[in-house]
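Here is a briefing on a predicted two-chain model. Please keep the sequence and the 3D view open while reading.

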Amino acid sequence: MAHDDYIPMHARVEEITDETPTEKTFTLKFVQDEFHFRPGQFCMISILGAGEAPFCIASSPAQTDAIQVTVRRYAQGTVTSPLHGLQVGDYVGVRGPMGNGFPLEEFTGRDILVVAGGIGLPAVRASILYLLDHRSDYREVTLLYGARTAADRVYKDDLVRWEQSPDIVCMQTVDMKAEADDWDGHVGLITTLFEPLEVDGPQTTAIIVGPAVMYPFVVAECRQKGITDEDMYFSLEAHMKCGVGKCGHCTMKDKYVCLDGPVFRYDEIRDLEEFRSGI
Amino acid sequence: MDDPKGYTLRAEDLPTAVERLFALGDELIAPTATQQGDVLFEPVQSVDEIEFSFGNALVSPVQYLMPAKEVLFEYHLRPVQPPEITPPEPPPERILFGIRPCDIAAIECLDQFFIEREPVDALYQQRRERVTLIALACAEPAADTCFCSCCEGSGPVAESGYDVQLSPVGEVYLVEFATDRGERIRQQWQDLLAPAPEELFAAREAQLRYAIENLFEPDSNLAAAIRRVTGDNVDPRAWREIGADCYSCGACSYLCPVCTCYDVMDVPYDESRGARIRRVDSCRLGGFTREATGHVARSTEASRARWYTYHKLSHDYHEQRNNYGCVGCGRCIIACLGQIGMPTVCRLIRQPEYERTEQ
């Protein structure tokens with residue numbers, strides 16, 4: 001890499017989808033570049049003048065001319081707020097792909113259990129799309145998805161499709177049913193989806209992404225089902241400025257979340273102070 | 001006949017030697033004294049501006065390799081088309097004259113971090129490739145805060161990392177040229193130099209031994225502290241004690257020549273133009289690990305003190321690269337309001353009561 005390490009590629013906003021009141025999905029088409037990535041990798045998105053922030057790539061790795069990112073707007077977000085103000089036709093900068101991604105090719109022949117909470121689903125969507133594209137390489141593929149309310153669920157069209165698909169077992173739950181919504185599915189924390197689940201523990205690899213508060217409970221459920229710590233994979237969030245292992249913000253012990261992660265096996269991170277501080 | 005290992009330069013010829021550097025046309029950066037008496041490395045136009053008799057500079061000359069603030073690129077937002085992006089101009093060729101061995105050792109750490117450890121930081125590399133390092137070794141501690149002798153070869157004489165090194169020995173300098181960039185300097189100085197006799201090397205060695213054994217603090221506890229942190233058996237109470245004295249001001253890391261952390265941000269000039277910059281940051285500041293959600297991974301002074309110390313003495317340095325992430329320059333001792341510079345921290349964490357035997 002030359003000193004374009006920091007120079008973003010140009011991408012044009014092609015489509016904006018309102019997922020929830022606070023989350024939008026942006027389809028970003030590259031002006032010149034081809035973009036190849038592995039599921040679970042992330043990229044830095046720039047709004048020049050406002051700044052740059054990391055987002056996981058939520059689209060299929062089979063597509064190389066555009067990517068999708070899903071962005072939750074935070075009140076203090078110096079980048080997420082202007083991102084939410086974008087219109088179709090506007091330009092953003094993209095740097096990446098960055099990080100390691102999920103080693104899905106190592107999981108061939110195994111059962112895959114994806115556990116996603118809330119805004120964690122975008123971090124595993126690329127993986128789910130990859131698994132479905134390479135369906136015959138894997139045994140059971142299961143998605144457990146939990147959100148606060150039905151309205152807080154992202155990718156509602158995908159979820160309908162996946163629920164109807166014979167290729168994936170898709171189970172959803174919401175923490176609470178709001179009065180206004182017509183949710184007639186499961187209500188309860190994501191851990192309540194585990195009980196009826198039949199899992200071949202030693203043959204299963206778990207992919208777990210969500211708010212950090214759910215981790216200890218999901219780990220306990222996975223262990224209960226016989227899944228080892230070495231077969232649980234997490235995608236972590238961290239404050240990040242450079243994305244190339246130099247700025248120092250995302251460090252955890254000897255690990256840089258941006259270079260060595262964002263995907264970690266549970267046994268690599270379970271004792272780290274920075275990981276534990278979030279849970 | 002082989003080239004001599006080193007040369008003799010008479011002490012009174014040093015200003016003449018430095019004067020000749022201007023002929024090379026590079027920007028010359030050298031120690032200068034401020035009105036307040038601090039020494040800072042600044043660009044100089046004449047030898048008269050240089051402070052030859054100094055301890056060490058308050059701010060390390062690594063600032064010319066890793067500036068406190070630098071432009072990554074400038075942008076111009078345009079209607080309809082993608083923004084125009086302009087990378088910065090390459091830096092000038094520079095000679096850094098008078099770098100103390102501790103700062104030379106720091107540059108070796110930075111080279112490892114920014115160049116040898118992938119991915120290469122192109123802006124650092126570009127600056128590094130355009131600089132000639134002329135080291136000025138110490139015959140005695142440059143200040144009472146110095147502890148380079150405890151930091152595995154950081155000083156008081158540099159073992160490597162320089163293009164040219166001048167070691168004061170009595171009335172002369174022993175001059176060593178280590179690289180092609182150094183050879184370029186040697187050619188400028190040819191008539192001022194004489195091949196150094198073996199005895200001069202022996203005299204420097206004796207002087208070095210004497211200084212390490214008699215003039216420096218004998219033991220900064222660094223090696224013992226490194227064993228403790230690499231074994232991860234420091235009791236959390238040690239960090240709480242250190243944290244209690246930390247003001248989270250970041251001064252230690254701002255002055256530390258080995259610290260590399262930075263922030264990236266956009267600085268708009270006007271509605272359509274601006275720059276993306278990087279700017280020195282500090283892991284001792286409370287917001288260093290704050291995420292958009294508001295979560296802060298290292299929210300206490302104790303956790304940040306632990307991280308800072310582990311990073312230097314263990315994680316990034318000793319475990320991965322087998323060298324120290326501290327060069328003993330002593331600037332953290334000068335800067336710290338809470339009087340918890342590196343030697344104090346090391347002394348504290350190696351106390352027997354702070355050894356943790358069980359995880």
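Start with helix α5 of chain B, residues 198–215. Its 18 residues should span 26 Å at 1.5 Å a residue, and the end C-alpha atoms are 25 Å apart, which agrees. The expected span is 1.5 Å times one less than the number of residues. Helices (H or I, at least four residues) and strands (E, at least two) are DSSP runs, numbered from the N terminus.

This is a predicted model: local features need pLDDT of at least 70, side-chain atom pairs count only at pLDDT 80 or more, and totals for chains, interfaces and linings use all residues. Residues are numbered from 1 along each chain as its sequence is written, while chains are lettered from A and ligands numbered from 1 in the order in which they are written.

- B:Leu200, B:Arg204 and B:Gln207 are buried in α5(B). Buried means that 20 or more other C-beta atoms lie within 10 Å of the residue's own; exposed means 12 or fewer, and partly exposed is in between, with C-beta atoms placed from the backbone.
- These three residues cover an arc of only 60° around the axis, which puts them on the same side of α5(B). The arc is that of the directions from the helix axis to the C-beta atoms.
- An α-helix has 3.6 residues a turn, so residues three or four places apart point the same way.
- The other side of α5(B) carries exposed residues, among them B:Glu198, B:Glu205, B:Arg209 and B:Tyr210.
- Cover for the buried residues of α5(B) includes strands β1 (7–10), β8 (164–169) and β9 (172–177) of chain B.

**Confidence**

- The average pLDDT of chain B is 91, and 97% of its residues score at least 70. pLDDT is the predictor's confidence in each residue, from 0 to 100.
- For the complex, the predictor gives an ipTM of 0.90 and a pTM of 0.92.

**Domains of chain B**

- Chain B has a domain 1 (7–215) and a domain 2 (222–354). Domain bounds come from an automatic or database domain assignment.
- The C-alpha centres of these two domains of chain B lie 25 Å apart.
- Domain 1 of chain B places 33 residues in contact with 26 residues of domain 2 of chain B. Contact means that the C-beta atoms of two residues, placed from the backbone, lie within 7 Å.
- On the domain 1 side of that contact, β4 (69–76) and α2 (101–116) of chain B each supply at least two residues.
- That side of domain 1 of chain B divides into 21 nonpolar, seven polar and five charged residues. Ala, Val, Leu, Ile, Met, Phe, Trp, Tyr, Cys and Pro count as nonpolar, Asp, Glu, Lys and Arg as charged, and the others, Gly among them, as polar.

**Domains of chain A**

- Chain A is split into domain 1 (3–98) and domain 2 (104–235).
- Their C-alpha centres lie 24 Å apart.
- In chain A, 14 residues of domain 1 are in contact with 15 residues of domain 2.
- β1 (9–20) and β5 (66–72) of chain A each give at least two residues to the domain 1 side.
- That side of domain 1 of chain A has six nonpolar, five polar and three charged residues.

**Contact between the chains**

- Chain A brings 34 residues to the contact and chain B brings 41 residues.
- β4 (51–56) and α7 (273–277) of chain A each supply at least two residues of the chain A side.
- α7(A) gives the most to that side, with three residues.
- By class, the chain A side has 13 nonpolar, twelve polar and nine charged residues.

**Backbone points to check**

- Most residues other than glycine have a negative phi, and most peptide bonds are trans.
- A:Gly261 and A:Pro262 are joined by a cis peptide bond, with omega about 5°. A:Pro262 sits in the loop between α5 (257–260) and β15 (263–265) of chain A.
- B:Glu118 and B:Pro119 are also joined by a cis peptide bond, with omega about -5°. B:Pro119 is in the loop between α2 and α3 (122–128) of chain B.
- A:Lys253 is not a glycine, but its phi is positive, near 50°. A:Lys253 is partly exposed, with 19 other C-beta atoms within 10 Å.
- B:Ser248 has a positive phi of about 55° and is not a glycine either. B:Ser248 lies in the loop between α7 (236–244) and α8 (251–255) of chain B.
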